[in-house]
Every structure is written in C-alpha cells, then in structure tokens.
Amino acid sequence: MYIQRFFQSSSLRWAWRFAFLKHIQSGYQGTCRWTHFGGSTYKAVIFDMGGVLIPSPGKVAAEWEVQNHIPSGTILKAFIEGGENGPWMRFMRGEITVQNFLQEFEGLCSQMSKTSVPVDSFFSLLTSERVAKQFPVMTEAIAQIRAKGLQTAVLSNNFYLPNGRSFFPLDRKQFDVVVESCLEGICKPDPGIYKLCLERLGLQPSESIFLDDLGANLKAAASLGIHTIKVDDPETAVQELETLLGFTLRVNIPNTRPVRKTMEIPKDSLEKYLKDLLGIQTTGPLQVLQFDHGQSNPTYYLRLADHQLVLRKKPPGALLPSAHAVEREFRIMKALANADVPVPNVLDLCEDSSVIGTPFYLMEYCPGVIYKDPSLPGLEPSRRRAIYTAMNRVLCKIHSVDLQAADLEDYGKHGDYILRQVQTWIKQYRASETSTIPAMEKLIEWLPLHLPSQQRTTVVHGDFRLDNLLFHPEKPEVLGVLDWELSTLGDPLADVAYNCMAHYLPSSCSLLRGLNDCDLTQLGIPTAEEYFRMYCLHMGIPLIENWNFYMAFSFFRVGAILQGVYKRSLTGQASSATAEQSEKLTEFMSNLAWDFAVKEGFRVFKEMPVTKPLMRSYHTWVPAQSLLTPMGTRSYCSIPETPPAHVSKGVLVISPEGLSPPVRELYHQLKCFMEQHVYPAEPELQSHQASVDRWRPCLLMEDLKEKAKAEGLWNLFLPLEIDPEKKYGAGLTNMEYAHLCELMGMSLYAPEIFNCSAPDTGNMELLVRYGTEEQKARWLVPLLEGKARSCFAMTEPQVASSDATNIEASIREEDCSYVINGHKWWITGVLDPRCQLCVFMGKTDPLAPSHQQQSILLVPMDTPGIKIIRPLTVYGLEDAPGGHGEVRFENVRVPKENMVLGPGRGFEIAQGRLGPGRIHHCMRLIGFSERALAFMKARVKSRVAFRKPLVEQGTVLADIAQSRVEIEQARLLVLKAAHLMDVAGNKAAALDIAMIKMVAPSMACRVIDRSIQAFGAAGLSSDYPLSHFFAWARALRFADGPDEVHQATVAKMELKHRT
Ligand SMILES: Cc1cc2nc3c(=O)[nH]c(=O)nc-3n(C[C@H](O)[C@H](O)[C@H](O)COP(=O)(O)OP(=O)(O)OC[C@H]3O[C@@H](n4cnc5c(N)ncnc54)[C@H](O)[C@@H]3O)c2cc1C
C-alpha cells in the first residue's frame, strides 16, 4: 500500500527526474455505451449544426463579405429582412430549390446593399469541405457524452444541395437522432420541430439540453422546458455543458488536465507564435491542456485549428545550469529522427523567453498506445512477447546510432560512464545519508571493485522503460520513444539493466510497476535473462555475462536517489509516516541491488580458473575402532600439512582437511555430534522402528534434532549457488557439503537429525528455486524449521515410471482450481503424520509435446481425496514413520496458485530437483560404504576361523583392498561432480551426475555385500546396520531412476560429445 503511495508522491518523481510525459493519445473509445450518467439527470444533448458543430453561416458570411468587398452584414440583414417567408427560411423548410434560393436571395441582398452580391460564391464557401468541418472540441464532447450513456441529437435548420441531398457534413454515426428542417418541412424556432426531436429521442423536454447560437431558437426550446446553452464560442459552450452534465467532456487526451494555476502560459503570444510558425490564419481558439506528469519540464497539449502539438518547456524560476535542458532534448530527438529511431517529430525550438517566459520546444502530438502496466493485461501471450521484442529492438536501434553521422559526438563524455555514475551516486548518497544501511555500505565497497572491464559508448536514453514508449494501436511497433530528459552518451548496458528493473519489483509499485509476482511464462513475457540475451542477439554482440553487475548498479542508483528523497522528506513537509516508509523503500532497493552483487560475485567465483595444481596427495589409515563406535574414519595426510585457508574455493578439495577453516570446523563439529549422539542412539532408534509405535515420530529423534539445531548443524544441504545470502541454510558449496553429507551417510538416521534427508531436501530446494513468496512462506518455512515433512509423488504402478513422460495422473483445470486424479506408489515419506506437503507430478496437457505435458503442483496432505492404500516394504523394511506409500488421488482439488512455475514446466522442475538430490544420495552411499568397510575390518581382525584371524585370508584381504579402491574411485567421481556443479552449474555437470548415479549405488551394494559376507550370518541380521545399508543401497539403484537410465544418459553423452 505504502510503496504505491510513496512511488506516486510528487517529491519522488521530482527527485528522480522521471519526467513522465504521458502526452500521448492512448485512449481508444470503444463502441460500448456505459450506462451511468455522471450524476446528472439529463439523458440527451441536442446540438444545432451551423454555429455549434460547424462554423456559423453568420461568421462565414462576415469573412466572405470582407474578402469580396461586400458591405458588412449584408447576408445577415437579408436573412432577418426576409423573415418567416423569406427565401432563407423557405429554403430551410425545403420549399424551394437551390437555384430559386440563390436567385431570390441574391436579389434581396443586392437590393439591400445596392451592389451586386454573388450569393452563389458565398453558398459554395459555406458548403465547402474546408469550412463545413466539425469543431474537434465538439467531436470530443459528443464522444464523451455517448461514452457516459447519454443520447445525442442534431436539430438543424439545413437545406438541400444541388445534388438533391441535404446539407449534412457530419458523421451521422455520432448521433442517435438527426432532425433536418429541409426534410421535415418545419424549421426552428417552430416548437413542432423540437417536439419531433424529443419524440424521436423518447424523452421529456427537461431531460435534454439544447445548444444553439441563435437566441430565438434557444428561447423556443426553453419555453418547452428544455435546458439551453447559448453558443458563442464552442470551447466555452463545452465548459458550460460540462458543468451541467457533471463530467468532463475533453478528456480524450489521456493524462491531461486543465493547466495548473501556477503553470499557466500566455495564450495570446503563444497563439501568435504558432500561427506564424505553422502559417495559419484560421479562427478557432487555441486549446491548451497540461499533462499530469512532466513536473520536471512542464508539458502541454496544444490544439490550434487542425494542428495538435506538444509543448515542453523549462520550469519557471532559478534553475541549476545543467538541469531541465530542453535544448538537449530537442537536439537528441531531431538527431535520432534522422537516424531512423522512432521519436515524435520535433518542429521547433524557441529559446526566446519572451514568448511564454522560458525556452520551449514543440513536437507533433502523436496518437498511439502507451502500456503502463508491464504485465500487459488483456493481451495474448504472443502479443506480449512481440511488444517486448519490439521494445528490445528499438533499444538496439538507439544504441546503434552512429554518433559521428548523427553529429552527437559531443552529446556526453566518452568512456568510464559507469565509474562516473557510481562515483556520482556514492557522493549523492553520502550527502543525504541519515543512518547506516548495511547493503548500501557493501555496495559502495563492491561496485567500484567490479566495474565492467569493457564499456561501449553510445546514446543512452537514461529512463528507458515500457511506459516511455508509444506503440502502434494495432501492431507491436514502437511509434515513438519519449522522455529524453536523462539522455546522454554512456554505457548502453545500463539502459538494458534499467529496462529490466520492473522484472524484480512488485506489481504494487506504481512508479515503476513491477513483474516479480507474475508468471512470465504464462504471460509470454521474456525473463530478464532472456531479455538480455535477446538484446545481445539483436545487437550481434556476445552474451553479457556480468549483467548482474548492471542490475546491481541500477538498483543502487535508485536506492541512492530514494535516500535523497528521504532526506528531503525529513526536512520538508512530508508526513512522518511518509518519511519513515521512504527509508524502508531505500533499504528495499539497496537490498535488491546487493542480491545482484552477490549473484555476480558468485558467477565470478564459478568462473575462477583452477589456478593451483591439485597438489594434495593422501593415503588412508584407520585407527583401531571399537565396534560400538564403528565410525569408518577417514583421514588424510596432506602435503602441505596445513592447507591454505582459501583452498576450498575454486579447487577440488578431496579431503575434509582441505576445506576452508570454517567448513572444516563444521565438519569436525558434525563428526563429534555423530560420535557423541548419533551412533549411540542407533539401537533405540532402530527398536522404535520395529515397535508398534513406529508410525509415530520417535521422541529420541526429535530430541536429537533439537540438539543438532542448537549446534547449528541444520539445513546444511542447500547449495550456496541458490542461497548465496545463506538465508535458508549453511551456505556450503556442493563440494563442501559432499564431505559433510558422506559423514551423515554413516548412519541411516543422521540425515533426518540434521534436517538433511530426502525427500524434504529436494522439495525444499524446489521451493527455494521455483516457489513464489507465498509458497515459500507456507511450505518452505515449516520444512526448514523441521516442523513439517513432505513427499514427492511421481511414480505410478501402471506405467514404467523410469520414463517420466509416461506419467498418467491428470491435473485438470476447473473453475479456479486444479483437480487431480491418479494412482501413485513408492511415495517416500507420505505415511509420516508430519507430512504436510505432497509435491505432485501429473499431466496438465496430454496433447502438448512430451516434455511439456507434466506440471508440478503443491498439494496439502489434508486435502480431501488423498487415500493412502498401504505402506510398501524394501526387503521387508518399512522405513517408518515416513515409509513408502501407495496412494490414490481422487478428485483432489487444489487452488491454482499451488502450481509451481506454471503448467507444462514439471519436467524441467523435476530435473532441477533430482540433480542435487541424486548427488546427495551418492554422497551418503559413500558414507554407508565407508562404515561397512570399517565394520568389516574390525570384524575380520577379531574373528578367527581355521586357526587364524579372517584378516589373514587372502580372499578377505582382496575384498578389503577391492572395497577401498572402489570407495575411493566413487568418492573422487562424486566430489568431481559436486565441484563441477559449483563451478559450472548443474547442467554442465549432468554427465558427471549421471556417472555417479550409475557408479555409487552398485559400488555400495558390492562393498556392503562383502562386509556382510565377512560377518557371516550376523551380517544379515539387524544387529548391525549392514543389512539395512544393503537394502537402501539396492533400492537406490531404482530410486531417482534405475541404473540403466543413467547408463543410457552417459552413453548418449559420450557418443555425442566425445567422438
Ligand atoms: C525405496 C524407494 C523409494 C522411492 N521413492 C520414491 C518417491 O518418493 N517418489 C516417487 O515418485 N518414486 C519413488 N520411487 C520409485 C522410483 O523412482 C521408481 O521405482 C523408478 O523411477 C523406476 O520406475 P519403475 O519402478 O516404474 O520401473 P520401470 O520404469 O518399470 O523400469 C523397470 C526396469 O526396466 C529397466 N529399464 C528402464 N529403462 C531402461 C532403459 N532406458 N534401458 C534399459 N533398461 C531400462 C530397468 O532395469 C528398470 O529397473 C522409490 C523407489 C524405491 C525403491
């Protein structure tokens, strides 16, 4: 609410110098007739024609008499003299032909003036197209009257033309009723003709207003009870009519209003100036309106005769030397028009302050459409896209202008634009600083250090956004780029970033209405990334990698400007509430800027070359361990002994000791927690899973969670990449987490204790990546807090679900909801009483291309229609309390806003979700394997068969050796995949993710199986975790896709990229 108010505040606009020149015709009068009456009781307006809608015969005659040297007033006198039965009135009643009229009337005139009067010449002029033209002010008024639901009529004393038609040079469609005297055989002021008109309108006299320029006609109307307006000047008459009707009749120049008292311009001298400039002598008043915006440089709409113009002037009073430079605006627009950039046609620059008090320039008023809402409501997605594409192209056109050819080389400084801008805005910010804003401080330090290394110099608009563009009403074509007040020479990418700011602002932000709460895909609007890409494509330049920098800079600039506004609001008249809120807005913008700085920093980090050779070598050793605490400890000797602190960034760290000190510390903390709390709790946790209470959460588990949370060992899984500010998690890289996750994998219970267990981790990551703020608030927060659990429902019994395109469950749109029907199974976690969210995958459009049929919906578990049929078991294990359930969804209805990203995006989301999820499973499998090997080594050392410890058997030694080698191989591959995800992104790491998924579960199965074998029958029991490890490792050869599917991926990529 407030943001909206604040953005609308004039002080802000002033400060920002967003001279919003919405001086353009955007309204399209529809044919629809509204049914409200603007508060008045009138139902119709009746117009006389000559003298009201078109020039009066009397005035035309007066001009004609001067030009033809006829004594002044001859025509009028002859008309009056003739009286009721004179030639004029008989002609009006259709009683005589044109020839007879001309003959008789000419005789009368000549007789009265005692000179020959060529009446036919007057008649030709009176009926000529040039003269018989409807007054624009009346055309507008009629349109407004009809738009309000009132009727309109013409009641005219007219006549027949030589061609036999009546003289009616107006568009008849404007009127509900037309009454013509020559057709009716009756003339005003005869009351009969008024009654006829009222009858045709179906109204009482008091329900209508009549406008005429002749007193006798008005009198007759008034005597019937019709309200009347005497028309001397159409402009004034319309004002009077407005007062009677109670609504404005001259508003079809959008965003204009009567000129503000303090902003009035001398009309007479301006009219004279315009007449000279345009070479017109014509009559008719100069209409002047003021545009609502353009406070910086006041802007006016002018209409004189047929000319519609826009005047833009400097404001009155003392000005800063460089501000309000209308001369510059005139210059750039003129130059750009010649360079084929669509701009309004500028006509004249008047630097002579004596005309209206300040210099000004004139341009043609150019009708078109301005889209004020960037979400383009009411348009088709394809049209929206076309409009954004057109905007992008026109920006490219501006940036491609040849400065030399356009004679604009001296229009601004060359080079270092961003540096100069950053310095300026830092200075401005410091000058208006009122308290420390952390994000601003960080930006002030960060921006100068991350300036783009290369910058082009082109014309920059400085305020380039959708609502500064004038579009063709029917085609996605930009007719004119407006508001050049902030234009200069500079780095063009600053314009592109500025143009994308709306993407990150809320729709409630009315100064710069935003899109961040809109579904861009559904709308057909390109994302900011796509928009940047489109720009590069149109410009034919390489992709802009540091666009996050430009976004950070844009929001920083806005933040600095807003801080200035805030400072002024403190000292000015703004209310204390406004001041307080504007401070918040400054912070909001600077936080947005910092978000982009973080993203840019992370991009740079990802691209850092691996400068240090992988000099760490290691060997493994396992100290003697008690079987009670079989930790499978792994330790590495490293060269050098003490690794450098920064080593975990940008390099592949293959042992925990190589991690950066804080992460290494976290690793050791986790290790201690495992030793002190987790391993000792395993027997009790396991017996709970075998008890009758197993479908209820275990209290010990909940205690351990609280402890882990208290120690900060919580939500370690979210990769830094999607959570760069560490809002949700520990901010570890995938590779750092790999080391910690392996440790958690040592116990089947540990992942849940640290809130790092599947499927919650994948679902949380999905919400962070793709969820709306509302979805995050509802689902992500309780999941992060460990208060809720979740499940992911994709697999279906009736189809081979390893191929996700087979999924059949339907998601049907109905009213404002989605209705789900489907049968799912193997849904991990669905039986847990704390499970509140089901991330559901189904088909929204079975006819779409195969990868766009599926969608993902967030389904609250308490929605009616979800029926859990049974828990499934893995080798008899139920995995309570979460379990793996078979579930039916029968007419389950969820609100539309529960859709993630949008219909048809399910496949894309599922892929994004499974990437990190898969790698986490693999990390844990290394943990299973390490611990299984540790058990095996301890067992074979203490167990004697055939008179010697088992460890002395060659086959056992071979098994140990084989297991070590396989674990090491798999671990290196897992670490490599995690590292690649960090430095190149999940997509680039796809092959490595598929490889580890292929390798890790089967490797774990083999290592665990060897350990079970070495244990003897005890290995199959539940006395040791080996059988459970095996069961889960085996299950993981299916879960997240069977081995073969990953093999197929690897083979496909191998053949594609390495032949
Ligand atoms: C413990 C466990 C937990 C699970 N949790 C979930 C969960 O939470 N949510 C969920 O939606 N699903 C879950 N699943 C299901 C799992 O994702 C599916 O089992 C898996 O995707 C395979 O689908 P399917 O069982 O229908 O096998 P099918 O698709 O019927 O495949 C059967 C076999 O066909 C072979 N095959 C398939 N494709 C190929 C190919 N391209 N080349 C060669 N051979 C091929 C493979 O041997 C495969 O095992 C879980 C499964 C298990 C075991």
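Guide: Helices (H or I, at least four residues) and strands (E, at least two) are DSSP runs, numbered from the N terminus. This model is predicted: local features need pLDDT of at least 70, side-chain atom pairs count only at pLDDT 80 or more, and totals for chains, interfaces and linings use all residues. Residues are numbered from 1 along each chain as its sequence is written, and side-chain values use heavy atoms, with hydrogens and water left out.

Visitor: Which strand gives the most to the shell around the ligand?

Guide: A residue is near a molecule if one of its heavy atoms lies within 4 Å of it, and 20 residues surround the ligand. Strand 16 (789–793), strand 18 (817–828) and helix 33 (1043–1057) each supply at least two residues of this shell. The most, 3 residues, comes from strand 18.

Visitor: What distance separates an oxygen atom of the ligand from an N or O atom in the side chain of S802?

Guide: A polar contact is a pair of N or O atoms within 3.5 Å. T828 has a side-chain N or O atom 2.8 Å from a nitrogen atom of the ligand, and E1044 has one 3.1 Å from a ligand oxygen. For S802, the distance to a ligand oxygen is 2.5 Å.

Visitor: What percentage of the accessible area of the ligand does the protein cover?

Guide: Accessible areas come from the Shrake-Rupley method with a 1.4 Å probe. On its own, the ligand has 970 Å² of such area.

Visitor: Is S963 buried or exposed?

Guide: Buried means under 20% relative accessible area, exposed over 50%, and partly exposed in between (1.4 Å probe, protein chains only). S963 lies in helix 30 (residues 954–984). Beyond its neighbours within four places in sequence, S963 is in contact (heavy atoms within 4.5 Å) with L933, V1007 and R1010. Because its relative accessible area is 0%, S963 is classed as buried.

Visitor: Where is H69 found?

Guide: Phi of H69 is positive, about 55°, although this residue is not a glycine. Its relative accessible area is 73%, so H69 counts as exposed. H69 is found in the loop between helix 3 (57–67) and helix 4 (74–82).

How values were computed
A polar contact is a pair of N or O atoms within 3.5 Å; within protein, one must be able to donate a hydrogen and the other to accept it, and residues adjacent in sequence count only if both atoms are side-chain atoms.
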